[in-house]
Amino acid sequence: MKNKNDFDPRCFLGIAHRGFHDEVRPENSMAAFENAVAHDLMFECDVHLTKDGEVLVSHDSDLLRMSKKPGKIEELTLEQIRAEHKLPDGSDYPLLKDVLAMVDERVPIVVEIKVVDGNYKQIVAATLPLLSHIKNPKNITLISFDPRALKAAKKSPFTRGLLICEAKKWVLICRNRFDYLDIETSLVDDKRVVSYRKKGGLVNVWTVETPKLLSSVSGKVDMITFQHLPIEDVRKAH
């Protein structure tokens with residue numbers, strides 16, 4: 001477990017899910033990340049490993065939802081993706097290294113490591129070198145649904161949060177092995193989560209996107225990953 005001093009204070013003021021996106025700026029786009037920086041807002045992004053070893057920012061492995069063309073990131077090279085797939089605003093899927101360069105440690109970033117077909121060793125090995133230039137370790141935190149990925153990143157200087165969803169809440173058995181918990185909204189009242197927090201553990205919740213959900217988690221967690229809500233409302237809920 002870590003305490004609040006191990007994190008940038010902005011972690012506790014709202015985390016923009018997949019960047020600070022809206023109708024104009026697609027999720028996990030450079031525009032959404034630039035918007036987060038403009039608002040001095042910590043944001044979360046998701047990374048996958050391309051066939052040729054590039055660390056690409058995208059929530060889904062399948063590119064269909066965002067680009068309207070099927071294709072699996074792990075089975076395509078960066079060149080193939082750039083040639084055939086664009087985000088809804090016409091921009092390219094960003095590389096993590098380009099996002100890091102743009103942000104330049106002006107705001108903290110949550111990097112979610114997406115493990116596909118058991119490639120946790122490969123994606124962690126490709127991601128950590130991209131983070132080696134980070135001067136302040138508080139500017140990066142790593143999260144994953146796969147405990148093996150977080151274990152593989154154990155020697156990094158960054159905090160590691162275990163993602164847990166309702167469908168796989170058995171993963172809570174690993175709750176004391178990492179630095180904090182990152183839980184789905186439906187788990188905020190789970191007795192194991194409540195006990196964890198009472199013992200000093202930090203808890204982030206995702207994804208809060210309605211006033212009703214915001215009210216339901218207020219006071220029960222330490223960090224809130226949100227979208228489609230005013231920043232001021234999220235900060236008040238902390």
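These exercises work through salt bridges, a helix, a pocket and cysteines in a predicted model. Residues are numbered from 1 along each chain as its sequence is written, and side-chain values use heavy atoms, with hydrogens and water left out. Because the model is predicted, local features need pLDDT of at least 70 and side-chain atom pairs count only at pLDDT 80 or more, while totals for chains, interfaces and linings use all residues.

**Exercise 1. Find the salt-bridge partner of Glu-27 and state what the pair ties together.**

Step 1. A salt bridge is a side-chain nitrogen of Lys or Arg within 4 Å of a carboxyl oxygen of Asp or Glu. The structure holds 16 of them.

Step 2. Glu-27 pairs with Arg-65, and their closest N and O atoms are 2.7 Å apart.

Step 3. Helices (H or I, at least four residues) and strands (E, at least two) are DSSP runs, numbered from the N terminus. Glu-27 sits in the loop between strand 1 (15–16) and helix 1 (30–38) and Arg-65 in helix 2 (residues 64–67), so the bridge ties together parts 38 residues apart in sequence.

Step 4. Buried means under 20% relative accessible area, exposed over 50%, and partly exposed in between (1.4 Å probe, protein chains only). Glu-27 is buried at 13%, whereas Arg-65 is partly exposed at 38%.

Step 5. Both residues belong to a network of salt bridges that also links Arg-18 and Asp-60.

**Exercise 2. Describe the salt bridge between Asp-92 and Arg-82.**

Step 1. The closest N and O atoms of this pair are 3.8 Å apart.

Step 2. Asp-92 lies in the loop between helix 3 (78–84) and helix 4 (96–103), and Arg-82 lies in helix 3, so the pair ties together parts 10 residues apart in sequence.

Step 3. Asp-92 is partly exposed, with 29% relative accessibility; Arg-82 is also partly exposed, with 25%.

**Exercise 3. List the buried residues of helix 1 and find what covers them.**

Step 1. The buried residues are Ala-32, Phe-33, Asn-35, Ala-36 and Val-37.

Step 2. Their cover includes strand 2 (42–49), strand 3 (55–57) and helix 4.

Step 3. After helix 1 comes Asp-40, with a positive phi near 50°.

Step 4. In the loop between strand 1 and helix 1 lies Ser-29, which is buried at 0% relative accessibility. Contact means heavy atoms within 4.5 Å. Leaving aside neighbours within four places in sequence, Ser-29 is in contact with Leu-87 and Pro-94.

**Exercise 4. Characterise the lining of the largest pocket.**

Step 1. A pocket is found on a 1 Å grid over the protein atoms alone, as an open set of points where a 1.4 Å probe fits, with protein on both sides within 12 Å along at least five of seven lines; lining residues have an atom within 4 Å of a point. The largest pocket has a volume of about 500 Å³, volume being the space filled by probe spheres set on the points.

Step 2. Of its 33 lining residues, Glu-112, Lys-114, Ser-144, Phe-145 and Leu-163 are the closest to the centre.

Step 3. Several strands each supply at least two lining residues, among them strand 4 (109–113) and strand 5 (140–144).

Step 4. The lining divides into 18 nonpolar (Ala, Val, Leu, Ile, Met, Phe, Trp, Tyr, Cys and Pro), 7 charged (Asp, Glu, Lys and Arg) and 8 polar residues (the others, Gly among them).

**Exercise 5. Determine how many disulfides there are.**

Step 1. A disulfide is a pair of cysteine sulfur atoms within 2.5 Å. The count comes to 0.

Step 2. Cys-165 is in no disulfide, and the nearest cysteine sulfur, that of Cys-174, is 13 Å away.

Step 3. Cys-165 is buried at 15% relative accessibility, and Cys-174 is buried at 8%.
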